[in-house]
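Subject: A structure for you to look through

Hi there,

Here is the structure I promised you. Please open it beside this email and follow along as you read.

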Amino acid sequence: MKHNEKLTPYAQELRKNMTPQESKLWYAYLRKYPHQFRRQVTVGIYILDFYCAAAKLAVELDGSQHYEQEGKHHDAVRTNYLNSVGIEVLRFPNSDITKNLRGVCRMIDLKVKERSI
């Protein structure tokens with residue numbers, strides 16, 4: 001996967017300053033998941049919230065800006081690019097992390113297992 005060195009400092013800053021939802025998902029589940037997930041991974045011109053290379057799976061947590069027209073368009077372009085390089089994107093609203101963490105974790109686990117076979 002093409003690494004964009006110009007984004008590295010920003011990705012490092014995002015790792016240090018995760019949103020509460022990113023932090024919750026990371027420390028409650030992804031950090032010790034059997035297939036390694038990494039945080040704030042650069043792919044092309046994008047920074048992925050979480051990425052599992054073994055499954056070529058990105059997990060994105062969406063705040064309110066993702067539901068505005070501009071955010072929806074940006075996400076569609078981004079998802080199309082990631083799909084074109086073989087990465088599937090799972091998106092979850094921040095509210096799902098707060099209200100249904102167990103369901104989010106089950107969905108991630110199913111998708112990783114499906115894509116890792």
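Gln21 counts as buried, because its relative accessibility is 19% and buried means under 20% relative accessible area (exposed is over 50%, partly exposed in between, with a 1.4 Å probe and protein chains only). Gln21 sits in helix 2; helices here are DSSP runs of H or I with at least four residues, strands are runs of E with at least two, and both are numbered from the N terminus. Leaving aside neighbours within four places in sequence, Gln21 is in contact with Leu61, Asn94, Ile97 and Thr98, where contact means heavy atoms within 4.5 Å.

Two notes before you go further. This is a predicted model, in which local features need pLDDT of at least 70 and side-chain atom pairs count only at pLDDT 80 or more, while totals for chains, interfaces and linings use all residues. Residues are numbered from 1 along each chain as its sequence is written, and side-chain values use heavy atoms, with hydrogens and water left out.

Now for how helix 2 meets helix 5. The axes of helix 2 (residues 20–28) and helix 5 come within 11 Å and cross at roughly 65°; these axes are lines fitted to C-alpha atoms over the stretch in contact, and angles run from 0 to 180 degrees between N-to-C directions. Which residues in helix 2 and helix 5 meet? From helix 2 they are Lys24, Leu25 and Ala28, and from helix 5 they are Leu101, Val104, Cys105 and Ile108. Six residues of this contact are nonpolar, none is polar and one is charged. In this count, Ala, Val, Leu, Ile, Met, Phe, Trp, Tyr, Cys and Pro are nonpolar, Asp, Glu, Lys and Arg are charged, and the others, Gly among them, are polar.

Next, the cores. A nonpolar core is a set of buried Ala, Val, Leu, Ile, Met, Phe, Trp, Tyr and Cys residues joined through side-chain atoms within 4.5 Å. The largest has 21 residues, and those touching the most other members are Leu25, Leu30, Phe37, Phe50, Val59 and Ile108. Helix 5 gives the most to this core, with five residues. Apart from neighbours within four places in sequence, Ile108 is in contact with Leu25, Tyr29, Leu30, Phe37, Leu57, Val59, Leu90 and Phe92. There is also a second, separate core of eight residues, which includes Val43, Leu48, Tyr51 and Val89.

Lys111 also belongs to helix 5 (residues 101–116). Is Lys111 buried or exposed? Lys111 counts as buried because its relative accessibility is 14%. Not counting residues up to four places away in sequence, Lys111 touches Leu57, Glu88 and Leu90.

Thr79, in helix 3 (residues 69–84), is buried at 18% relative accessibility. Thr79 touches Val89 and Arg91, if you set aside neighbours within four places in sequence.

As for the cysteines, Cys52 is buried at 0% relative accessibility, and Cys105 is buried at 10%. A search of the whole structure finds zero disulfides, a disulfide being a pair of cysteine sulfur atoms within 2.5 Å.

Finally, look at two backbone angles. Gln40 is not a glycine, yet has a positive phi of about 50°; Gln40 lies in strand 1 (residues 38–43) and is buried at 4% relative accessibility. Lys56, also not a glycine, has a positive phi of about 50°. Lys56 is in the loop between strand 2 and strand 3 and is partly exposed at 29% relative accessibility.

Happy exploring!
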